[in-house]
Amino acid sequence: MGKRYIMAFKIFNTLSRQQEVFTPTRPPTVGMYTCGPTVYNYAHIGNFRAYVFEDLLRRYLGYLGYQPRQVMNLTDVDDKTIRGAQAAGLPLDEYTRKFKDAFFADLQTLNIARAEFYPAATEHIPEMIALIETLLDKGFAYHSADHSIYFEINRFPAYGRLAHLDMAGLKPGARIAQDEYQKENAADFALWKAWTPEDGEVFWDSPWGRGRPGWHLECSAMSMKYLGAGFDLHTGGMDNIFPHHEDEIAQSEAATGVPFVTYWMHCAHLVVDGRKMSKSLGNFYTLRDLLERGYSGREIRYVLASAHYRQTLNFNLASLDAARAALRRADEFRERLAAQAAAPGKTPAWLEEARMSFRRAMDDDLNTSMALAALFDLIHEGNRRLDAGELPAPEAAATLTILDDIDRVFGFLAPAPETAPEDLVQMAEERRRARAARNWAEADRLRDMIAARGWTIQDAADGFKLKRNAP
Ligand code: AMP
Ligand code: ZN
């Protein structure tokens, strides 16, 4: 071997546009905030690319011996959720509840490890009001004629540092009320939006009258509540850099006077035919769409995890078929090893090297595509040794141990768990009730929906069992 490898986890920090060695402030704890879903619809797999990237990051931190303290917010009040609830004719909380539940079921399908906290915006309005009061007191915010409150970006000289904005051409005093806007429109943004008739029943009382918080403010208030004024890591998709994260920095640092986040990480987009997968373009698959086509959560996770997070991922169904073949190869290898294995012996050099290749790849800004190549090199070499009768039983067992170790991060090697997701159990329960009421059409409809997700109901004397169909 050449140069001795010095182990250090390096990550690309959006703030410095450079790779930096990751050094948390209070090890072994790592404070980590990941912008969560806006619960106005089912999340699409572009969103899940971001969540799988964050899950790989979280799991790799754990692999390195850190203890992540992860917060993922649920945006359950913003322009989109309010519009969605009105279109559906439902109260906001009833409308968002359905998508919150679906989100957690989807996380389970994709084997995404749970964060420590999932704060919902609507449950943190007092914290948001307090943050706005601080910003008013310190002179960073002002009232507009309609009783909304805006952040004055000219008062915050570091504004634009994350997104690398050119502030020269900015019109002083220009204001923007929407939650989302383009770089070209950098302007004072709303912290608190005064109630308008379009908001219907959605409002909270505040010292400035009825209204609701702006989206950016939600994340500042909730991240600092659970992680403190300054914390280690903040992540999201690239589209979050501006204005969302830029505005989070401005609000938080203006209020506390201390640096908000040390490392910012953003994943590139998942695209279809060169265009970002998004609700507004209509070019999206939800996780459910893909399960209905017979793909498993494990296969989808594999595709999302296989590209380096800073590389654009071009999605198509062929990549899911390739994932299926790759996972079959990994499964067959494990079966061969299991048939052989005894108590694990000392790890031989070739396996130690495979483990180091994995580690080196992940240390290099979470290079999952290289790490995956290392894994398949290991499988190739292991199969070769098995074919040649050169893999003694204790070595086979040691190989299985290393695969399990790697899978603590990848999370797709172990066969999928046999417990059905909670929403399927609920559907099966509804079907049982429909049958008891002799409502056969409804019972059949539910059975078909469950089948579309790849599970079969087996009726039993004392209820039912859900069995996963063979892939
Ligand atoms: P949203 O619900 O729109 O706030 O998005 C939730 C998360 O998904 C954010 O971190 C976004 O940056 C991310 N995201 C949205 N679309 C894509 C995409 N096509 N590829 C990767 N990440 C995305
Ligand atoms: Zn956010």
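Arg385 is buried, with a relative accessible area of 18%; buried means under 20%, exposed over 50% and partly exposed in between, using a 1.4 Å probe and protein chains only. This is a predicted model, in which local features need pLDDT of at least 70 and side-chain atom pairs count only at pLDDT 80 or more, while totals for chains, interfaces and linings use all residues. Residues are numbered from 1 along each chain as its sequence is written, ligands are numbered from 1 in the order in which they are written, and side-chain values use heavy atoms, leaving out hydrogens and water.

Let's see what Arg385 pairs with. Side chains of opposite charge can pair when their charged atoms come close. Arg385 meets Glu381 in a salt bridge at 2.7 Å, N to O (a side-chain nitrogen of Lys or Arg within 4 Å of a carboxyl oxygen of Asp or Glu). The two sit four residues apart in helix α11 (residues 368-387), so about one helical turn separates them; helices are DSSP runs of H or I with at least four residues, strands runs of E with at least two, numbered from the N terminus.

Another salt bridge joins Asp405 and Arg355, with the closest N and O atoms 2.8 Å apart. Asp405 belongs to helix α12 (residues 393-410) and Arg355 to helix α10 (residues 349-363), so this pair ties together parts that are 50 residues apart in sequence. Asp405 is buried at 17%, whereas Arg355 is partly exposed at 22%.

Now turn to the metal. Cys35 (SG), Cys219 (SG) and His244 (NE2) coordinate the zinc ion (ligand 2) at 2.0 to 2.2 Å. Both Cys219 and His244 are buried.

How values were computed
Donors = N, O, S within 2.8 Å, 3.2 Å for Na, K, Ca; no water.
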